[in-house]
Amino acid sequence: MSPLSHPLVSPPRRDFLARAAGLSLGVVLPGTAWANASKRAIRIGLTPVFLDDQVSFTARWRRWLEEQLDRPVIFVQRGNYREVVDLVRSGKIDFAWLCGFPYVRHRREMRLVAVPEWRGQPRYQSYLIADARNIGIRSLADLRGTVFAYSDPDSNSGFLYPQYALTQSGKNPATYFSRTFFTWAHRKVVEAVSLGIASGGAVDGYVWEMLSEIHPELTSVTRIIEKSPPLGYPPFVARLDIPETDLQRFRTVLLGMADDAQGAALLQRLRLDGFVPGSPDLYDGIARMAEKVRRS
Amino acid sequence: MNFFSNLSLRWKIPLRVMAAVLGTALAVTVALLVKDYEDMRLNLEAHAKSLGRVLANTLVTPVLHDDLWRAFEILQSAREAHPASAEMEAQMMVVLDNERRVFVSSRPRDYPVGARPEDIGGSFGKLGETVVWDEAVAQQVLEPEGSLHYFVVSPLVTDGELLGHVALGYSKAAFLPRYFDLVARAALVTLLVLIILLPVSWIWARRTGEPLLQLATAMEGVPANLESAGLADLPHSRDEIGLLAQSFRRMIEDLKRQQELETQMVASERLAAVGRLSAGIAHEINNPLGGMLTAIKTWQRHGGGDPMAEQTLSLLERGLTQIRNTVAALLVETKTQDRPFEPADIDDLLILVEAQAQARAVRVAVEGGLALPLPLPATLLRQILLNLLLNAIAAADEGGTVKLGLAAAEGLLRLSVCNDGQHIPDEQMTTLFEPFVTGRAKGHGLGLWVVYQIVRQLNGGLTVDSEPGCTTFHIEIPYAETQ
């Protein structure tokens, strides 16, 4: 196979080819594609804090970001939060949309970029849901000895909050349920509960609300039995050693997203109002819960 | 049974053939269906086993990592593998951990996480009792008694450790519609084959039975009605029926010949008896008759001239002469001295019968002839031929033909007289040559008697063939050849 017929995706190779093409033609061709190709790509990690399985949406979002940043953008998606968190901590990706829980745990290893606003606030809730067909389950207390679905061990809404709630009421989260499991995505927690695999589950309230709009058949067979107090919305973070210009550029793009026509359309798709700069103390509530659970 | 054994072969053979055809078709269909059933079961089982193996391999990691959701997703993806055919679709897929609790299942509401088979009951509960929970048993195909499902149970083994089992449950009922579909199709094909085969075999069977039936019908005519029995249309083949028909025909021929012989013998014996009787009577009559006539002659020569007596004696003489003539006709005797029969005699005969022939517009044709005089008494032969020719002309149709055939060779004179008139009925044949028997209003019935007597006296033979349109008298008379 000749090098030219190989699908070329890695930036250094594209760089080289762009330069080679420019040399052979003797001119530097204008245009964003060529210009983007000559710059280092921005790598952004995504986690299931939103419905990250909407491939067509992420593709459009990526193109929009490329235009705005004037840089190639690569979305990095992984099977669980931890991998993405580790990629940020080790500087392998530039930015990531993370849950508040890993952010507070590794606050010193990453920088806050922006926080989405949902329903007018940079906050959301964790929902504890139960199988709607099981009418006996009215509260977390009724779920004792049942099968419970968590979304991800690094999720605030899908793991930390129910752990905290149990700890607060003096229960041992490790033995309270007969069996627990992780689905590694909020949406799948809803599926697991709606199918009856688990009697209850913990889910991101934002994801549940969005699902109830686009897949009401899933949420209609679940019932919310408890909502957490408002907690800091999953933020966009950057690696610690991110160049200041890059950070500012990306933050500006996110903060201006609601003012851009295409950006607003994308936000509408996510049911988000926009982005605010946010501050680390937004996540103090989560940090307190994490501390409480760790100590118990 | 009695009814069937009495049934005609016309029905029995076709019915038996039908039964054989139906039986064969049924047996073949059933055999094919049984095979299809087995094939389908084996196919399904193979499919289920391979799915079980694949699932067992794939599920090892999720079960080992206690990743319930991943295991569920694997089951879900396996479930949608064959949505087209219902019986290939596992009704239930249950992963059991090494404590035999449900790890996860494709139907979580029916087979909840953490439940034991005995808690669930039903088919699955019975399965729990039949499975051998051992990693040494590779795969088990189980059909718990009274269960609507059968199961393929595969162990989850990694590095020699038993992690659990995957049980795939297949509905027996889901399998049936497709099988019934197959049965319906097979039945249709069988029906089509039968629609073609049955009429053909019915016709063949009828054909096989037909000669037997004809033989039986022909046999019924034996011995009373040999003629029609001999006309039966029996096969000329070389098989057993052909041989039977051949024997039958031979038997009919033999019987006919025997009957003819018997009839002839009876006739000739009677003729002989009549002959002897009439000869005896004739002699007895002739002796006194001769004396009486001589006496009358003597009286007339030397008579007394009494007119009354003259008249009376003359009356007596005429009457006695008539008796003598009649007796003489009865008593045909070969004259020892006679001239040979010459070709010219035939011409004379034709002239003699000419008047009669013309009166009825009958043509007399001669076939063959004589080249030389024959050492046979001419008077007698002339009488034979004259009688036969006159009879033939009288019997021939108006404007018909009478044929006279002559041939002499190797000491045998063959004569034949043939007319195209009405044939002689069978019942008249037996008494044809007897004296005073006549088929006509005119005639005294002595003509053929005389012919017969003469032929017998000349050591000849006489036969009659009478068929509609052709009645022929054949006469054969031996003569001594001069050389």
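**Domain and chain interfaces in a predicted two-chain model**

Within chain A, 23 residues of domain 1 of chain A are in contact with 19 residues of domain 2 of chain A, contact meaning heavy atoms within 4.5 Å. The structure is a predicted model, in which local features need pLDDT of at least 70 and side-chain atom pairs count only at pLDDT 80 or more, while totals for chains, interfaces and linings use all residues. Residues are numbered from 1 along each chain as its sequence is written, chains are lettered from A and ligands numbered from 1 in the order in which they are written, and side-chain values use heavy atoms, with hydrogens and water left out.

The two parts of chain A are domain 1 (39-122 + 233-287) and domain 2 (126-228), with bounds that come from an automatic or database domain assignment. Their centres, taken over C-alpha atoms, are 26 Å apart. The size of an interface is often given as the accessible area lost when the parts come together. Between domain 1 of chain A and domain 2 of chain A the buried area is about 1,800 Å², and carbon and sulfur atoms give 60% of it; buried area here is the accessible area (1.4 Å probe) that two parts lose on being put together, summed over both. On the side of domain 1 of chain A, the residues that lose the most area to domain 2 of chain A are A:L51, A:F101 and A:R271, together 31% of what that side buries.

Four salt bridges are found between domain 1 of chain A and domain 2 of chain A, a salt bridge being a side-chain nitrogen of Lys or Arg within 4 Å of a carboxyl oxygen of Asp or Glu. A:E209 forms a salt bridge with A:R119, and their closest N and O atoms are 3.6 Å apart. On the side of domain 1 of chain A that touches domain 2 of chain A, the elements giving two or more residues are α4, α5 (100-105) and α12 (261-270) of chain A. Helices (H or I, at least four residues) and strands (E, at least two) are DSSP runs, numbered from the N terminus. The largest share of that side, three residues, comes from α5(A). By class, the side has 14 nonpolar, three polar and six charged residues, where Ala, Val, Leu, Ile, Met, Phe, Trp, Tyr, Cys and Pro count as nonpolar, Asp, Glu, Lys and Arg as charged, and the others, Gly among them, as polar.

A:R89 and A:D86 meet through their side chains in a salt bridge (3.3 Å, N to O). These two residues are separated by about one helical turn because they lie three residues apart in helix α4 (residues 81-89) of chain A. Over all chains, a search of the whole structure finds 35 salt bridges.

Attention now turns to the interface between the chains. Chain A gives 16 residues to the contact and chain B gives 11 residues. The chains bury about 1,200 Å² between them, 58% of it on carbon and sulfur atoms. In chain A, the most area is lost to chain B by A:R179, A:L195 and A:I197, together 49% of what that side buries. Three salt bridges are counted between chain A and chain B. A:R179 takes part in a salt bridge with B:D66 (2.6 Å, N to O). On the side of chain A that touches chain B, β8 (179-182) and α8 (186-195) of chain A each supply at least two residues, and the largest share, six residues, comes from α8(A).

Chain B has 13 helices and 12 strands. Its C-alpha trace spans about 175 × 45 × 40 Å along the principal axes. The domain assignment of chain B gives domain 1 (2-179), domain 2 (248-330) and domain 3 (340-478). Domain 2 of chain B and domain 3 of chain B bury about 900 Å² between them, 71% of it on carbon and sulfur atoms. Zero salt bridges are counted between domain 2 of chain B and domain 3 of chain B.
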